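Subject: Structure for you to look at

Hello,

Please find the structure below. My notes on it follow.

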Amino acid sequence: MLRTTAFHPRTAPLCESHAWRRWSGYVVASSYELVHEREYHAIRSSAGLLDICPLYKYRVTGPDAVRLLDRVVTRNVARSTPGQVLYTCWCDAAGKVIDDGTVARLSEDTFSMTSADPNLRWLEDNSTGLDVGVEDVSENLAALALQGPSSRAILQTLTDFDMASIRYFRVVSTTLGRIPVAISRTGYTGDLGYEIWMQAQDALSVWDALIEAGTPYGITPAGMLALDVARIEAGLMLMDVDYVSARKALTDRQTSTPFELDLAWTVSADKENFVGSGALAAERERGPEWQFVGIEIDWDSLERLYSAVGLAPRLPTTAWRMSVPIYEPGGDQVGYATSGGWSPLLKKYIALAHLRSRWARNGTRIEMEVTVEHQRKRASGRVVKKPFFDPERKRA
Amino acid sequence: MSYDVAVIGAGHNGLVCAAYLARAGKRVLVLERDEVIGGAARTQEVFPGFKFSVFSYVVSLLRPEIVRDLDLPRHGLHILPLESTLTPLPDGDYLAQWGDHDQNRAELARHSLRDAEAYDEFGRLMYQMARAVKPFLGMVPPDPTSLALRDLKALLRLRSGLRSLGAKQFHALHKLLTMSSADYLDEWFETEALKATKSASGIIGTFLGPRSPGTAYVLLHHYMGEIDGVFRAWGFAKGGNGSVSAAIAAAARELGVEIRPNAPVERVLVRNGRAAGVVLQGGEEIEARTVVSSADPRRTFLQLVGPEHLPPDFTEAIQRFKFRGSSGKVNLALAELPNFTCMAGAGPHLRGAISISPSVEYLEQAYDDAKYGEVSRRPYMDIVIPSMIDPSMAPPGKHVMSIFVQYVPYQVNGGWTAEKRDAFGDTVVNTLAEYAPNIKSAILHRQVITPADIERMVGLSEGNIFQGELALSQMFFLRPVPGWAKYKTPVHGLYQCGSGTHPGGGVMGASGRNAALTILGALR
């Protein structure tokens, strides 16, 4: 049987669309309403409430917790301070990315880690000889994301803790109502937003409290389709869609280094001896063969292609996730896009793409394959800076 | 009447070989001693209304190229999915392996989070190795001691295939070739039932235990089927395994092959060191320029050809070729479905395999009994309920159950008798009743097949289901004997095409195809 999350008793009756999606063995709503549009706009204009229970979650504790995490992840965990959250990736010995997620330092020697895929075995195997405990808390820890400009105000009505004092990528332990929770200022939307972590048995109380407090602010349960659009606008990559984990890749060519995924900033240059460090140092020296960039398709070019067959441009109504060839203008293939779609906010056709480094510089003209009336065509576009959407409120 | 080729035996390999030869324009006659075709891949209505895949009971490795070349689906082959494996445990719990990735992971995680994670990595590594080794199945094994151009070329091809493996995969492959399946699986998993159920696939058809070195390699054979994934050659043939043979026979007939049942071959006609045809029991002589035997090597050479036509060292090598049948079969006609204590009722678990393999120790103890000439007191059993997958196998509402059992030694202490056979049947039913208590009252009819019965009924020497043990010492260029692994024999014009040749058994059909292509000179 597929599992349902701790919020299922609330989300199921709301799911008018009956559209569910699998996520790590759970079912979560693709969209609650028949169309995901309103849910997307809630994320950008008020607040979207997302069930993110299926994330894998680990608690790492003990005197050697820092040593273990510093051995595994690419960022420098020793330098973090309690209350700080690090976004990071981690690699195999060849410096190829296995997974990405967050590491939250809850205290000097207590950490909470999230990941897209299971990592218990990887953490345990790397903790040989270390005085550290690794616990898979995926099931007992429920999680919600409250994302959007009103998220702070909604949370503030439920807690005495000064929400404005939680800086970007920080975490605090507090209560909502009387329920103990951890609140991190993190998310997958690139907007002002928070993630709320609670014991599974408290899940429904927290949901109810948020809905009640948030309704005047326009809180809207949002599904994965809305999130997918938001995360592309935020330029955030997704495992199994934008990259293949080194653990799952069937050939070396399928793997990527952090440098090839635009994650150079997560690779600590001053940390010695972590998994993949040797290979990554060499890669830093050499420069990556590929880069992960933002692509923007020219409207005029789309319009020309469609008007040639007597149509107005047709746009994808949901974000797509497949491999789409990218070409040098009039020339050979130089890469491929892995996610893309129409940004309802930016009014632009955007995509995330892997390009050979030579073609990856900002402003470089490219062409992307589009299918117009059953015919493969090339629409022109250019490489642009990620994130596509980066509001000030995200960090403010 | 004269034929280009006479094929001895209408088992699936004989039929595949005949079909490929006929496709190349040869006049082919297949001679079958029984009235039923299919050899060990047959369906029979053993009790009125109850049909059984009497011997082999699932399709796992049937070569996709054969399915395509002979267009078997058009000739009636329909493979239905067999997606789960349930391992009931003595404490009332169970381990289920499901076809769906998420469902499977959730179930494994119930036993061990580590194993749930290791499972995917294990699968990936096995996939990579199977991909590299798979081309071996479709090739005539080159002789590594030969300097002939053809052998060198084939060896080079193998080498480049293996070199495409990463270092990690290459090392793992070497481990597979040298380790026991229990030791190999110990490196990956901690859940006993998982290790046991997986290692069971390494012991089938061998007289080895899960802790015997060399059994790890056989695990890989299982993954070969999985590579074909979407092609889905893995499952249960609608109508039982006899429909695999029937589909191949139909394809063969359409290509002009003549199939004669009730035509037991007494000996191969040898004139001046050349095969000239066959002589049937009763004296009928059939001329053929080429004779292909799908019987096992012992039967082919020691009985049908005779040592007088063979070099003494070859005869000796054939005598040394190990059979050591170790498996039996119990086929049950059931009034109702078994009700497993660990998972009550009629759920999807009854549409998959049920494996009595609670721990590696259980399997190894089962082997211990057999080592000293006894049937395992607590045997390993691989159970399917074909009527759950294809209701036409039994009268409406009733069921058939196929129980593959190991270890059941051919050389049982005191020899096989009717009493011993019954006792073996009782052991199987009693063991099953520990997990599904209603089984005894549900049984309407029972067919018990010992290795001696297998030998008697389908002519497999010592009842070995693979026509010779599938052990590393008897595989590839060593199968059946070194120097004669290329389907050719010391008798000109006489070939072998049974699973006693490379790549061996498992209803693959590869031996039949490789032999045909060798005969046609099409394989280099």
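How many residues does the contact take from chain B and from chain A? It takes 14 from chain B and 13 from chain A, where two residues are in contact if their C-beta atoms, placed from the backbone, lie within 7 Å.

This is a predicted model, in which local features need pLDDT of at least 70 and side-chain atom pairs count only at pLDDT 80 or more, while totals for chains, interfaces and linings use all residues. Residues are numbered from 1 along each chain as its sequence is written, and chains are lettered from A and ligands numbered from 1 in the order in which they are written.

On the side of chain B that touches chain A, H4(B) gives the largest share, ten residues. By class, that side has five nonpolar, two polar and seven charged residues. Here Ala, Val, Leu, Ile, Met, Phe, Trp, Tyr, Cys and Pro count as nonpolar, Asp, Glu, Lys and Arg as charged, and the others, Gly among them, as polar.

Chain A has nine helices and 20 strands; these are DSSP runs, helices (H or I) of at least four residues and strands (E) of at least two, numbered from the N terminus. Along the principal axes, the C-alpha atoms of chain A fill a box of roughly 60 × 55 × 45 Å. Among contacts in chain A between residues at least 6 apart in sequence, 66% join residues at least 24 apart.

Within chain B, residues of H1(B) that meet H10(B) include B:His12, B:Leu15 and B:Val16. The residues of this contact of H1(B) with H10(B) are ten nonpolar, two polar and no charged.

Regards
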